[in-house]
Amino acid sequence: MTIAYGSETALQKTRDARKGLNVESLRESIINHIAFTQGKVPGYATQHDRYVAVAMAVRDRLIDRWIATRKAYYSRPGIKRVYYLSLEFLMGRTLGNSLVNLNLYDECYQALFELGYDLEDIREMEEDAGLGNGGLGRLAACFLDSMATLGLPGYGYGIRYDYGIFHQRIRNGYQVEEPDDWLRLGNPWEIARPERTFRVQFYGRVERESDELGRQRARWVDTHDILAMPYDTPVPGYGNNTVNTLRLFSAKSTNEFELDYFNHGNYVRACEDKIFTENITKVLYPKDDFDKGRELRLKQEYLLVSAALQDILDRFRKQHDDWRCLPDRAAVQLNDTHPALAVPELMRLLMDREGLGWDDAWDITVRTFAYTNHTVMPEALEKWPVSLMENLLPRHAEIIYEINHRFLGGVRRRFPRDDQRVQRMSLIEEGYEQKVRMANLAIVGSHSVNGVSALHTQILKDDVLRDFHELYPDRINNKTNGITPRRWLKKCNAPLAYLIADAIGDKWVTDLDELHRLVPLADDPEFRQRWREVKHVNKQRLAAYVRAQQGVELDPGTLFDVQVKRLHEYKRQLMNILHAITLYNRIKSGAETDPVPRTILFGGKAAPGYYQAKLCTKLATAVGDAVNHDPSVDGRLKVAFLENYRVSLAERIIPAADLSEQISTAGMEASGTGNMKFTLNGALTIGTLDGANIEIREQVGDENIFIFGLTADEVKALRASGYNPRDYYDSVPELRTALDQIADNHFSRQEPGVFQMLIDRLLKQGDPFLNLADFEAYVACQRVVSETYRDADAWTRMSILNTANVGLFSSDRTIRQYADEIWNVAPVPVKLD
């Protein structure tokens with residue numbers, strides 16, 4: 001089928017005015033958008049008007065490539081496309097990243113300078129697109145960047161939440177959540193596509209009818225329908241003409257549903273139902289500790305997969321008429337279990353709409369889907385009550401039951417008389433309340449299941465998914481996560497990027513292995529000095545920001561010891577706080593007469609209902625208050641919690657860090673990507689042998705990383721032997737002192753007993769994440785860190801070697817592996833007319 005793109009001649013004149021890549025053309029575009037988009041004269045334009053004008057000028061240059069990309073894909077009917085389904089996309093800010101990928105940063109800076117504006121000030125006007133909670137969503141964003149940079153025909157599918165991850169404020173040490181109304185001033189990067197709206201069904205019942213050939217087909221009827229309206233955002237590759245698409249869906253009510261009430265005189269009910277319907281995409285992660293919250297969350301998941309699959313099938317149908325070819329033209333990657341409903345949804349669409357039989361539909365489904373697992377904790381694997389599934393998605397419940405029936409039949413044939421195995425592998429968890437195991441559904445319905453680090457994947461095979469690995473020995477594979485060097489070095493750390501480019505050129509931007517050429521320079525005294533100067537500049541920049549935002553003074557001459565990540569007990573922010581208290585006590589007692597001055601920085605958000613994690617925030621700020629206002633400390637130690645951690649703040653913190661805290665309980669972190677970002681920017685890692693820390697150590701060398709603590713096997717053995725945290729409390733004096741101070745309200749005079757829950761968690765509830773077991777080794781390793789930092793040349797050499805050996809952790813490498821080993825997708829060159 002030929003796709004019409006209209007008159008190329010008519011488009012050309014418009015393109016010529018909007019695609020120039022020089023300073024003069026950018027300057028004119030910005031002025032025009034101030035006038036004709038914002039309706040202002042430059043003298044009366046606000047800073048937000050200027051931001052929108054710059055964004056639209058840059059978007060103009062993206063759209064030319066965007067159209068050319070779509071044209072290139074449709075001109076080749078035989079290409080295979082990748083569809084990445086994720087409930088989270090933590091994109092951050094778009095302006096700076098687009099300028100970097102278009103190689104327009106310097107030109108835009110100069111154009112704005114000539115207009116009397118400052119690009120950095122204008123960039124601060126952009127809201128972070130915080131449509132994710134942490135590493136899962138940020139990984140998805142990096143993957144989209146790499147797909148575009150590699151020229152792969154890739155699409156991201158997600159949800160356009162009206163409110164993203166909450167704004168965090170710290171009040172009296174407590175986390176206070178405020179709404180993230182990121183769309184209140186509009187989003188100049190997105191384009192609404194109302195003509196591509198899809199109908200999504202809920203509730204109702206299933207009835208059977210015979211088709212013209214006498215075959216029984218299911219009809220899902222009497223449903224409550226909503227509309228999923230897409231909004232497209234361009235995703236540019238670096239140094240090429242590819243601009244792929246991130247398509248986010250927003251829930252809209254159907255006109256006929258509103259009019260039915262309106263025509264019967266019930267205007268209020270019509271408005272109420274419209275609001276209720278559109279609440280589905282209102283907020284990221286609605287509270288799911290009550291029935292309506294759980295139902296809303298499941299609605300979000302189904303809205304995403306239903307709209308995305310309808311779109312994918314429509315695109316396939318434009319050029320193909322044999323559904324058996326779908327797996328050869330479409331690869332659908334499920335990012336965690338959230339999109340697992342895609343499995344029964346594709347079965348429904350193929351059988352109920354397209355008339356395929358079960359066997360053909362199942363073969364197509366399994367060959368189309370691949371699933372990425374992101375956790376080693378069985379309790380974190382998503383499950384939904386069967387009663388909720390039957391009520392909300394009755395047809396899908398039927399399909400899931402049939403999948404399970406056929407699957408368990410195969411399990412029984414393969415492992416006869418093993419009822420325990422059948423129970424473990426069933427898609428339905430029995431018990432007081434039956435539940436659908438979404439991970440099991442995703443595994444059975446996919447041809448590939450991948451972990452995200454070597455250790456994580458091995459734990460899946462040996463423990464969490466052992467039964468499935470024994471049934472499908474070739475299905476589970478590893479794809480170690482990665483990060484995009486465009487955002488996480490070239491954009492966020494321009495001084496270091498310029499220094500590296502000056503020394504070895506800039507091929508590393510798309511081939512991170514090129515950084516290995518820095519290895520000889522680690523022994524060059526002049527280069528080491530320049531490296532230290534860059535780090536100091538970044539520390540000064542962060543210190544200025546923290547002073548302006550929080551009124552806290554940071555000394556750039558101190559060791560910046562940083563732990564910024566989602567607040568969770570297994571990530572062990574609490575152990576870091578106990579170390580801070582220990583350093584404080586040493587200074588106070590005179591036991592540490594010449595300590596290395598250290599600034600300990602925390603940052604991260606705790607889930608609103610996760611009280612243990614929120615107490616860690618309170619404790620970190622309480623310890624900071626005590627340390628920072630004690631004159632006897634005399635600048636030798638500072639502790640600060642940086643509020644509202646997000647992508648744009650990470651871009652300030654990571655380049656300034658000297659030490660990266662990656663101290664999770666071994667065997668608990670699937671991979672981690674923050675560890676990679678810090679390493680890329682020259683921070684040294686202190687960490688356990690967990691997640692990707694293992695592979696980082698392999699790449700940078702034992703001598704260039706600080707490893708401590710129990711291994712995953714030792715953690716398992718200690719738990720099995722009967723771990724008693726009181727043994728460590730009794731035998732480690734500094735640990736006992738720190739815990740006693742917390743329990744005795746040394747850091748909570750105004751709120752006695754506020755931290756008792758933390759103490760009880762450690763001493764009475766078994767310290768489930770082994771903070772006390774690893775504490776002594778952690779503190780000893782921190783002493784080695786301090787002694788190493790005293791030797792500036794030795795530390796700088798290690799820093800350079802960390803950056804030089806980080807090539808494995810490019811998301812470009814990860815995506816190449818997905819493309820070659822799972823998706824079977826090839827690049828498609830895009831040419832501009």
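**Reading strands and crossovers**

Modeller: Let's start with S23, helix H26 (residues 674-680) and S24, which form a right-handed β-α-β unit. Right-handed means that, with the strands pointing away from the viewer, the path from the first strand over the helix to the second runs clockwise. Helices (H or I, at least four residues) and strands (E, at least two) are DSSP runs, numbered from the N terminus. From S24 the chain crosses through helix H27 (residues 693-700) to S25, and this β-α-β crossover is right-handed.

Colleague: What should I know about the model and its numbering?

Modeller: The model is predicted: local features need pLDDT of at least 70, side-chain atom pairs count only at pLDDT 80 or more, and totals for chains, interfaces and linings use all residues. Residues are numbered from 1 along each chain as its sequence is written, and side-chain values use heavy atoms, leaving out hydrogens and water.

Colleague: In which sense do S24 and strand S25 pair, and over how many bridges?

Modeller: Strands of a sheet pair through backbone hydrogen bonds, either parallel or antiparallel. Two strands count as paired if DSSP finds at least two bridges between them. S24 and strand S25 (residues 706-707) pair in the parallel sense over 2 bridges, with Phe 706 as the bridge partner of Ile 686. Strand S23 (residues 659-662) is joined to S24 by 4 bridges, also parallel, and Glu 661 stands opposite Ile 686.

Colleague: Which way do the residues of strand S24 point?

Modeller: In a regular strand the side chains alternate between the two faces of the sheet. In strand S24 (residues 684-687), Leu 684 and Ile 686 point one way, Thr 685 and Gly 687 the other way. All are buried, meaning under 20% relative accessible area with a 1.4 Å probe, protein chains only.

Technical notes: Buried means under 20% relative accessible area, exposed over 50%, partly exposed in between (1.4 Å probe, protein chains only).
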